[in-house]
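Biologist: Hello! Shall we walk through this fold together, one element at a time?

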Amino acid sequence: MRIVHVAAEFSPIAKAGGLGEVVVGLCRELSQFPELEVEIYLPKYDLIDSEKLSDLQMEIADFKCFEKNHFHSNTLWSAQCENSRLQLIEPHHPSQYFQRGKIYGCEDDLARFIYFCKSVIEALKLKNQPIDILHLHDWHAALCAPLVREVFQKELSIKAIVLTLHNAEYQGKCACLDLDAIGMQGSDFLTADKLQDNDPKYPQTINLLKGGIVYADAVNTVSITYAKEILTPEKGFGLDPTFRQYQSKLSGILNGIDQTLWNPKNDPYVTPSYDAEQSMATILAAKKKQQTLLSKKFGLARSKGPWLGTITRIVPQKGPELIEEALAYTVQNQGTFILLGSSPIPQLQAHFEQLKEKYAAHRCVLLHLTYDEALAHQIYAALDLLIVPSHFEPCGLSQLIAMRYGTVPIVHATGGLKDTVFDCEDSLIPAKSRNGFTFQGASSGPLKETLRRAFHLFQTDPTTFQVLMRRGMQLNFSWEKPTQEYLKLYRKATLQSKRLIA
Ligand code: ADP
């Protein structure tokens, strides 16, 4: 079985958030099956450190991709990384699409990823190998589905297409002209029931994610609850009618995490190491040591209350206003607050820079507004509590990682957060499964009430708090089970595709 993934991220060489971790986790696990041949198509970003790629070689020195009246030259590279076979596309395009020092956040992101999809298809055509599953990730890759089914059907042999939605908020909305640019014209598919957006105000707008949903044989989200939530107008971001229409091919598969990378027993950034099998005294001492190290590094003072923090992209989805409230609550209640995060939105980044100024003299607050992989490991290990107040969350990895490090999560009960964190006081949940704190409704009242409960338990009942810590550390979020579910999904997609062709 030949499985070809197309994605914008692949961790650690090209990671901006959860997507990169998920793609590598799934591909590495799939690559272990000798009967599966797995490849991942990725742009050859300038930020990729080729030292981390073994066996890097040119596979196709020059292949052409049409865009804006020109045939542009591209090179296809092949390399081994994280036990996976990467196919890296390097366009020699005057706009230097992937020479921007970043993965996203360019004004021409749409043109960049439309070009990427078209060049992937051109490379697949040249390679001319039959594909069993074309697995697309998010809007950056979604256009491959209509390209395969409407434009290059005869030139490619692809049994089934699977689309994974890591976040349905980002949809890739563009104009017909943008598709025209790559020679994709057609009255058959630039229509309301196929690629056009659902917004009646802008009927000419093209929605790339919608195109992926319409043409894929199976579509999944990264948690079961999120698959249900996107059917509603509140969380479907305008695509809810499409999700309802194609509900029969929609399902949810909960993400795993890389349990080797995120393992306090064997984490190069965290010493002393610790794990769930050790005594609570040893675990607590190791976590205290992390707090001491961070305190020294950042000049933090000792606090009476717990260490609470979050590691996140700062975007409206993540509830930045609630993160700010959690900061204020922690300060008022003698805790230590840590935020590691940065924002792609200049106004939000500026707002948090101001907040950092405001708390500059406060020695129990650390706002570290950059991306820092090593520091993330140390913070997960040092925290007592992690706060994730997202308004919506397709899966969320930070609560899973936190639990591995004995850090108790406090989350808004939505999407994957709802599927993985169970409130310690919820009598409807079996006692053994309760592993954190949850609140209903991403607003100030429920957030503060839940922070109050968490601080209270931490300060008055350490034994019960430690039970939650250990329970989280013992959970298994490996990629084994999700990979089995993806294999089932591949089979379902293949059957669905056969039915359509018949
Ligand atoms: P999303 O994919 O929506 O950004 P997730 O919770 O699924 O959110 O995944 C976020 C991942 O990115 C986690 O592994 C988290 O630790 C990491 N991360 C987020 N912000 C930072 C940062 N500033 N520095 C280091 N790691 C970060």
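Modeller: Gladly! A term we need at the outset: a residue is buried when under 20% of its relative accessible area remains. Please keep in mind that this is a predicted model.

Biologist: With that cut-off, which residues of helix 15 are buried?

Modeller: Helix 15 covers residues 444–460. Its buried residues pack against several elements, including strand 12 (307–313), helix 10 (320–332) and helix 16 (462–474). The residues you ask for are Leu447, Thr450, Leu451, Arg453, Ala454, Phe455 and Leu457.

Biologist: How far apart are the end C-alpha atoms of helix 15?

Modeller: Helix 15 has 17 residues, and at 1.5 Å a residue they should span 24 Å. The model agrees with that expectation, as the end C-alpha atoms are 24 Å apart.

Biologist: Now the open sheet of 9 strands: which strands stand at its edges, and why is one side of each left without a neighbour?

Modeller: The sheet has mixed pairing and the order 3-4-5-2-1-6-7-10-11.

Biologist: In strand 10, what is the bridge partner of Val162?

Modeller: Strand 7 (residues 158–165) and strand 10 (residues 218–221) run parallel, joined by 4 bridges. In strand 10, the partner of Val162 is Ala218.

Biologist: What angle does helix 4 make with strand 7?

Modeller: Helix 4 (residues 144–151) packs on the sheet, where it touches strand 1, strand 6 and strand 7. Its direction and that of strand 7 make an angle of about 155 degrees.

Terms used:
Residues numbered from 1 in each chain as written. Predicted model: local features only at pLDDT ≥ 70, side-chain atom pairs only at ≥ 80, totals over all residues. Heavy atoms only, no water. Pairing = 2+ DSSP bridges. Helix = DSSP H or I, 4+ residues; strand = E, 2+ residues; numbered from the N terminus. Contact = heavy atoms within 4.5 Å. Axes fitted to C-alpha atoms, helices over the stretch in contact; angles between N-to-C directions. Expected span 1.5 Å × (residues − 1). Buried < 20%, exposed > 50% of the residue type's maximum accessible area, 1.4 Å probe, protein only.
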